[in-house]
Amino acid sequence: MSFEKLNLIKPLQKALDEEGYTIPTPIQQQAIPLILERKDVLGCAQTGTGKTAAYAVPILQILYEEKLSGNEKRTISSLVLTPTRELAVQINESFSSYGKYTGLRNVVVYGGVPQQRQTDKLRKGADILIATPGRLLDLMNQKYISLQHIKILVLDESDRMLDMGFINDIKKIIAVLPGKRQTLFFSATMPSSIIKLAGSILSNPVRVDISPEKPTVDAIKQGLYYVAKHNKKDLLIHLLQDKSIDSALVFTRTKHGADKVERFLNSAKIYAEAIHGNKSQNSRQRALNNFKAKKTRVLVATDIAARGIDVEELSHVINYEMPDQSENYIHRIGRTGRAGLGGVAISFCDAEEKLFLRDINKIIPKPIPVIQDNPFPVDEKTAGNYPKSTDESHTRKVRSSGEYRSSGEAKKNNNRWFGRKRNKDNQSKSKSYGRDKTRTN
Ligand code: AMP
């Protein structure tokens with residue numbers, strides 16, 4: 001199916017052509033017609049599926065057409081709520097790219113920075129507002145923002161917003177919205193708390209599920225090192241000395257942990273920057289821009305800070321510390337394999353983290369393959385804490401890293417989303433983290 005079949009207006013079609021999007025991704029194929037028919041949508045979609053365009057494009061089309069027919073003046077007609085600042089910035093950039101020929105204006109507001117630049121922009125008028133809940137409420141209370149003309153509400157990454165404790169803020173915001181509106185609700189996971197929230201704010205929604213039974217992105221090669229806590233540092237340095245790892249996003253659970261990893265990597269002459277909630281928004285954005293521009297090879301991040309990161313050619317995700325919430329494993333590894341490209345996700349699991357691993361293995365189709373060729377094998381004293389290799393039924397090889405990677409141009413997304421075989425060019429770019437004997441327990 002091409003974008004032409006979706007009957008998009010010319011200003012959108014032109015912008016999408018320029019983005020290099022030729023074929024809508026599965027979620028776009030399903031959601032765009034429904035949204036254009038003004039249905040409420042409950043979308044279960046993981047990162048990297050093209051979810052942003054799946055709602056941004058039809059919203060732009062609806063608002064553009066209403067403007068033409070009604071000669072309306074600029075009021076905020078659509079609100080996109082999102083959990084993190086980085087994600088808000090990214091969604092705003094997507095609206096700007098897709099909507100650049102529509103004449104519609106989008107504005108983003110998020111906390112952690114002075115509000116004046118945001119309020120200046122709001123004063124000039126906006127059709128679409130992208131916001132994190134806290135700053136939005138703040139600006140509403142100061143009367144900078146009125147939501148009385150909202151026609152379309154989007155809740156993006158709703159599971160994450162609940163995890164981050166935004167439920168009351170969301171309820172307060174929804175309470176002031178017009179009852180007659182279209183609501184689009186997206187979440188990477190659908191636990192019962194999310195279904196309950198969705199049930200309370202959607203009316204007769206159509207559900208759109210993108211591979212719910214396969215929560216991890218297919219193209220990502222996963223591998224796991226069992227390693228003692230005190231050896232994690234050396235293992236990370238050892239892996240990152242492999243120059244074929246172009247870019248790595250290293251996850252820690254805590255801000256303090258992220259700072260520590262940043263420090264020891266820089267001492268080992270592996271240039272790294274950390275982003276987390278204690279850093280100013282400007283320094284987070286700077287670190288992210290350096291990483292995207294490939295000025296920094298390694299970005300160290302906590303789960304929350306990494307939430308909005310979209311780096312098309314990110315080759316490796318390394319879980320230096322296992323996530324304590326299993327859904328975060330999916331969110332983390334989904335940072336690579338974006339835009340249909342492959343990637344590698346490596347996890348370090350120490351004895352204390354085995355419980356986290358057990359929970360993760362329950363929600364992914366197959367347990368993460370264990371990398372046996374481990375330069376820092378667990379010593380005898382702690383070995384008993386690790387599962388033994390009794391169950392070989394999951395035995396499979398972790399293929400060399402990055403072999404599905406390609407240049408990152410949008411057209412190559414087709415390889416994954418539309419089932420084409422990877423080409424020679426991709427294969428020739430294969431890299432390795434050098435250990436392919438694997439087993440899982
Ligand atoms: P998202 O899931 O919205 O974060 O999108 C993941 C990535 O896919 C982004 O880098 C988008 O620019 C890209 N993308 C979205 N839709 C398409 C499409 N139809 N064709 C090519 N690339 C796309």
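**Exercise 1. The side chain of S187**

Which backbone oxygen does the side chain of S187 reach, and at what distance? State also where S187 lies and what surrounds this residue.

*Solution.* This is a predicted model, in which local features need pLDDT of at least 70 and side-chain atom pairs count only at pLDDT 80 or more, while totals for chains, interfaces and linings use all residues. Residues are numbered from 1 along each chain as its sequence is written, and side-chain values use heavy atoms, with hydrogens and water left out.

Step 1. The side chain of S187 reaches the backbone oxygen of T189 at 2.6 Å; a polar contact is a pair of N or O atoms within 3.5 Å, where within protein one must be able to donate a hydrogen and the other to accept it, and residues adjacent in sequence count only if both atoms are side-chain atoms.

Step 2. S187 belongs to strand β6 (residues 182-187), where helices (H or I, at least four residues) and strands (E, at least two) are DSSP runs numbered from the N terminus.

Step 3. With a relative accessible area of 1%, S187 is buried; buried means under 20% relative accessible area, exposed over 50%, and partly exposed in between (1.4 Å probe, protein chains only).

Step 4. Once its neighbours within four places in sequence are left aside, S187 is in contact with G43, C44, A45, S158, D159 and I194, contact meaning heavy atoms within 4.5 Å. Of these, C44 counts as buried at 6% relative accessibility.

**Exercise 2. Aromatic pairs**

*Solution.* Step 1. A search of the whole structure finds six aromatic pairs; rings of Phe, Tyr and Trp (its six-membered ring) pair if their centres lie within 6.5 Å, and planes under 30 degrees apart count as stacked, over 60 as edge-to-face and the rest as tilted.

Step 1. The ring centres of Y55 and F95 are 6.4 Å apart and the planes stand at 45°, so this pair is tilted. Because Y55 lies in helix α3 (residues 51-70) and F95 in helix α4 (residues 85-98), the pair ties together parts that are 40 residues apart in sequence. Both Y55 and F95 are buried.

Step 2. For F264 and Y320 the centres are 5.9 Å apart and the planes at 50°, so this pair is tilted. F264 lies in helix α11 (residues 255-267) and Y320 in the loop between β12 (316-319) and α13 (326-333), so the pair ties together parts that are 56 residues apart in sequence. F264 is buried with a relative accessible area of 10%, and Y320 is buried with a value of 9%.

Step 3. Ring pairs also link Y225, F264, Y320 and F348 into a cluster.

**Exercise 3. Positive phi values**

Locate K143 and N204, and give the phi and the exposure of each residue.

*Solution.* Step 1. Most residues other than glycine have a negative phi. K143, although not a glycine, has a positive phi of about 65°, and N204 has a positive phi near 45°.

Step 1. K143 lies in the loop between α6 (133-141) and β5 (152-155), whereas N204 is placed in the loop between α9 (192-201) and β7 (206-209).

Step 2. K143 is exposed, with a relative accessible area of 72%, and N204 is exposed, with a relative accessible area of 72%.
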